[in-house]
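The exercises below go with the model shown here. Each one sets a task and then works through the solution in steps.

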Amino acid sequence: MSHFRRKATAATCESPVAWTFFRQWLKNPLSMAAFSPSGKQLARAMVSQLPAGARRVIELGGGTGVFTRALLEHGIAPADLMVVELNEALHRLLQHRFPGVQVVRGDARELADLATQTHFLDHGPADAIVSGLGLLSMSRGMQRDILRSAFSVLAPHGRLIQFTYGPASPVSRELLTELGLSARRGSVAWINVPPATVYTYTRNRSTAIPARTPVPR
């Protein structure tokens, strides 16, 4: 184990919440974006990319709730925040930490159905999606399914906010073109472990992914 990873692991194990995250990473490393939760600097960088006046937000891959906490502190009301987490242990942790937030256990590829079934879309589409998913380690097919589902529940001018540990956008130019999306590079969270770059994805003017019409109750 490298000195960098030993240091990160030691810091992780000092917190019970972070230790829960690390144990889940040990069980299935490929299913999680990193071996330790995202840091506060990265959370601030992600939240800073929210559209002006954003009110309704969906979070994908809630993890231990670092982004969830930052969104609530930013002013997003608990009732206007939906968090999706596939891992059972982390899902329970999020429910315990954020009782006022709608925390859903499910697959991001099924986001459109999850948002409909939980009535999140009854009051309109989301203004933004904040993603903690490890897109970089996913196949193009899985990325395509997640992006299609995400943009089907976003408002026309909504955006997907994603971070990556790689040197470039985790979504290829070819897939962006196929889906009618554009990518913009944001800030870098240098003190995060490991350092991370924030990207925002939006529809092109002639997009092939329309926003989903709210389902009447």
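**Exercise 1: a strand pair and its crossover**

Solution. The model is predicted, so local features need pLDDT of at least 70 and side-chain atom pairs count only at pLDDT 80 or more, while totals for chains, interfaces and linings use all residues. Residues are numbered from 1 along each chain as its sequence is written, and side-chain values use heavy atoms, with hydrogens and water left out.

Strands and helices are DSSP runs numbered from the N terminus (E, at least two residues, for strands; H or I, at least four, for helices). Strands pair if DSSP finds at least two bridges between them; β2 (residues 81-85) and β3 (residues 102-105) have four bridges, in the parallel sense. Between β2 and β3 the chain passes through helix α5 (residues 88-97), and this β-α-β crossover is right-handed. Right-handed means that, with the strands pointing away from the viewer, the path from the first strand over the helix to the second runs clockwise.

**Exercise 2: helix α3**

Task: list the buried residues of helix α3 and the elements that they pack against.

Solution. Buried means under 20% relative accessible area, exposed over 50%, and partly exposed in between (1.4 Å probe, protein chains only). In α3 (residues 40-47), Leu42, Ala43, Ala45, Met46 and Val47 are buried. These residues pack against α4 (66-74) and the strands β4 (126-131), β5 (154-164), β6 (181-189) and β7 (196-203).

**Exercise 3: rings**

Task: classify the pair formed by phenylalanine 163 and tyrosine 165, then the pair of tyrosine 199 and tyrosine 201.

Solution. Rings of Phe, Tyr and Trp (its six-membered ring) pair if their centres lie within 6.5 Å; planes under 30 degrees apart count as stacked, over 60 as edge-to-face and the rest as tilted. The whole structure holds three aromatic pairs. For phenylalanine 163 and tyrosine 165, the centres are 5.3 Å apart and the planes at 70 degrees, an edge-to-face pair. Tyrosine 199 and tyrosine 201 have centres 6.5 Å apart and planes at 25 degrees, so they are stacked.

Next, accessibility. Phenylalanine 163 is buried at 5%, whereas tyrosine 165 is partly exposed at 26%. Tyrosine 199 and tyrosine 201 are both buried. Finally, ring pairs join Phe67, Phe163 and Tyr165 into a cluster.

Note on methods: Contact = heavy atoms within 4.5 Å.
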